[in-house]
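Q: Could we go through this model together, starting with how far it can be trusted?

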Amino acid sequence: MNLIAHDIIIRPVITEKSSRLMELNKYSFEVHLSANKIQVRKAIEEIFKVKVTAVHILNIHPKPKRVGAFIGKTRSWKKAIVSLAPGERIDFFEGASI
C-alpha cells in the first residue's frame, strides 16, 4: 500500500502525558492503521525535517461507552511515539499565545 507522508501522520496527540514526553524529546502522533515503524520514521523526517532515532507503535483498543440505554465502543486507532535526535525539535504551538 503506497501512502504519502501526510496520509501516514494523521494528527499529533496532545495530552498531559505527551506534554511530559515532549520535554524528553519524544512526540506522539496518531498514525494510519496500516502504517509500520519504517513508514512513520520516513514520514516524520519528511514532514518536519528532523532526525528520528526511535519509533514505538501502540494499537489503542476500543473502550466501551454508554449513553443512556445505548451501548457502543470508541474507535480503535494506532499511536506512534517518536524519539528525536538530541537538539532536534518539533514545534506544534508556533505562534500560539497562552
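A: The confidence score here is pLDDT, the predictor's confidence in each residue, from 0 to 100. The protein averages a pLDDT of 92, and 93% of the residues score at least 70. This is a predicted model, in which local features need pLDDT of at least 70 and side-chain atom pairs count only at pLDDT 80 or more, while totals for chains, interfaces and linings use all residues. Residues are numbered from 1 along each chain as its sequence is written, and side-chain values use heavy atoms, with hydrogens and water left out.

Q: What is the strand order in the open sheet?
A: The order is S1-S2-S6-S3, with antiparallel pairing of the 4 strands. Strands S1 (9-12) and S3 (52-60) stand at the edges with a single partner strand each, so one side of each is left without a neighbour in the sheet. From one strand to the next, the twist averages 30°. Two strands count as paired if DSSP finds at least two bridges between them.

Q: How many bridges pair S1 with S2?
A: S1 and S2 (residues 26-31) pair over 3 bridges in the antiparallel sense. Phe 29 in S2 is the bridge partner of Pro 12.

Q: And what packs on the sheet?
A: Helix H2 (residues 16-23) does, touching S2 and strand S6 (77-84), and its direction makes about 135° with that of S2. Helix H3 (residues 37-48) lies across S1, S2, S3 and S6, running at about 120° to S3. Axes are lines fitted to C-alpha atoms, for helices over the stretch in contact, and angles run from 0 to 180 degrees between N-to-C directions. Contact means heavy atoms within 4.5 Å.

Q: Which residues of H2 are buried?
A: Ser 18, Leu 21 and Met 22 are buried in H2. Buried means under 20% relative accessible area, exposed over 50%, and partly exposed in between (1.4 Å probe, protein chains only). Seen down the helix axis, the buried residues of H2 fall within an arc of 105°, so they line one face; the arc is that of the directions from the helix axis to the C-beta atoms. Their cover includes S2 and S6. Glu 16, Lys 17, Arg 20 and Glu 23, on the other side of H2, are exposed.

Q: Turning to the core, which residues have the most contacts inside the largest one?
A: Ile 9, Phe 29, Val 40, Ile 44, Val 82, Leu 84 and Ile 90 have the most contacts in that nonpolar core, which has 18 residues. H1 (5-8), S2, H3, S3 and S6 each supply at least two of its residues. A nonpolar core is a set of buried Ala, Val, Leu, Ile, Met, Phe, Trp, Tyr and Cys residues joined through side-chain atoms within 4.5 Å.

Q: What does Val 40 contact, leaving aside neighbours within four places in sequence?
A: Val 40 is in contact with Ile 8, Ile 9, Val 31, Ala 35, Val 55, Ile 57, Ala 80 and Val 82.

Q: What about the other strands, S4 and S5?
A: S4 (residues 64-67) and S5 (residues 70-73) run antiparallel, joined by 4 bridges. Pro 64 has Lys 73 in S5 as its bridge partner. Their hairpin has 2 residues between the strands, and Gly 68 takes a positive phi near 65° there.

Q: Is Lys 49 buried or exposed?
A: Lys 49 counts as exposed, at 66% relative accessibility. Lys 49 is in the loop between H3 and S3, and its phi is positive, near 55°.

Q: And what does Lys 51 touch, not counting residues up to four places away in sequence?
A: Lys 51 touches Glu 45, Leu 84, Ala 85 and Glu 88. At 48% relative accessibility, Lys 51 counts as partly exposed.
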